[in-house]
Amino acid sequence: MKIERFEDIEAWQLARELARKVYRLTKKPRFETDFGLKRQIQEAAGSAMHNIAEVSDSETNAEFVRFLRYAKCSCTEVQSELYVAADEEYISTAEFQDVYELARRARAAIRGFINYLKEYQARLSPEPLDQVKGFRGSVVQGLKTTRLPRTPQPLTSQP
């Protein structure tokens, strides 16, 4: 299956859910008054999602992988900031575990996507990925995708 738009990328879908949950957590009364932590964790969660979206316009696999690595690092940053939120008792243990696990899943999906791109590139050329130019990462074939509607739809709340 061909990726035609960034919304087709499973890692982006997970990062979007991560951003949604982070924004919900930061609306909690005590959390929302810690402006520094609130801004930092929101930016990290958004960065994961946005870097994956930006990569869909990349010109090379190397550029694609670089942006995916930024997104992966942003997921790790969210996990670290969750510890601060938990230590300050802004979030419960259950909230911490839920969002931490979602960040882990998003990171794993991004890592899997990076590995897929490297393997795909190795089949095309024996040169290392960061030295190959001209392959458009946005047309990678064979990835598992979930179909989303063409127009953005709000995520529904889960009980």
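**A close look at helix 1**

Tutor: Helix 1 and helix 5 are roughly antiparallel to each other, because angles over 145 degrees count as roughly antiparallel. Their packing angle is about 155°, and the axes lie 9 Å apart. Here axes are lines fitted to C-alpha atoms, for helices over the stretch in contact, and angles run from 0 to 180 degrees between N-to-C directions. Helices are DSSP runs of H or I with at least four residues, strands are runs of E with at least two, and both are numbered from the N terminus.

Before going on, a word on the model: it is predicted, so local features need pLDDT of at least 70, side-chain atom pairs count only at pLDDT 80 or more, and totals for chains, interfaces and linings use all residues. Residues are numbered from 1 along each chain as its sequence is written, and side-chain values use heavy atoms, with hydrogens and water left out.

Back to our pair. The crossing of helix 1 and helix 5 is left-handed, meaning that the near helix is turned anticlockwise from the far one by less than a right angle. On the helix 1 side, the contact (heavy atoms within 4.5 Å) includes Ala 11, Leu 14, Leu 18 and Leu 25. From helix 5, the residues taking part include Val 99, Leu 102, Ala 106 and Ile 110. Sorted by class, the contact residues are twelve nonpolar, no polar and five charged. Ala, Val, Leu, Ile, Met, Phe, Trp, Tyr, Cys and Pro count as nonpolar, Asp, Glu, Lys and Arg as charged, and the others, Gly among them, as polar.

Helix 1 itself covers residues 10-25. Of its 16 residues, 13 are buried, so the helix is mostly covered; buried means under 20% relative accessible area, with exposed over 50% and partly exposed in between (1.4 Å probe, protein chains only). Its length also fits: at 1.5 Å a residue the 16 residues should span 22 Å, and the end C-alpha atoms are 23 Å apart, which agrees. That expected span is 1.5 Å times one less than the number of residues.

Helix 5 has another partner to look at. Its axis and that of helix 4 come within 9 Å and cross at roughly 165°, and this crossing is left-handed. The contact of helix 4 with helix 5 has 17 nonpolar, four polar and six charged residues.

Notes: Parallel < 35°, antiparallel > 145°, perpendicular 65-115°, else oblique.
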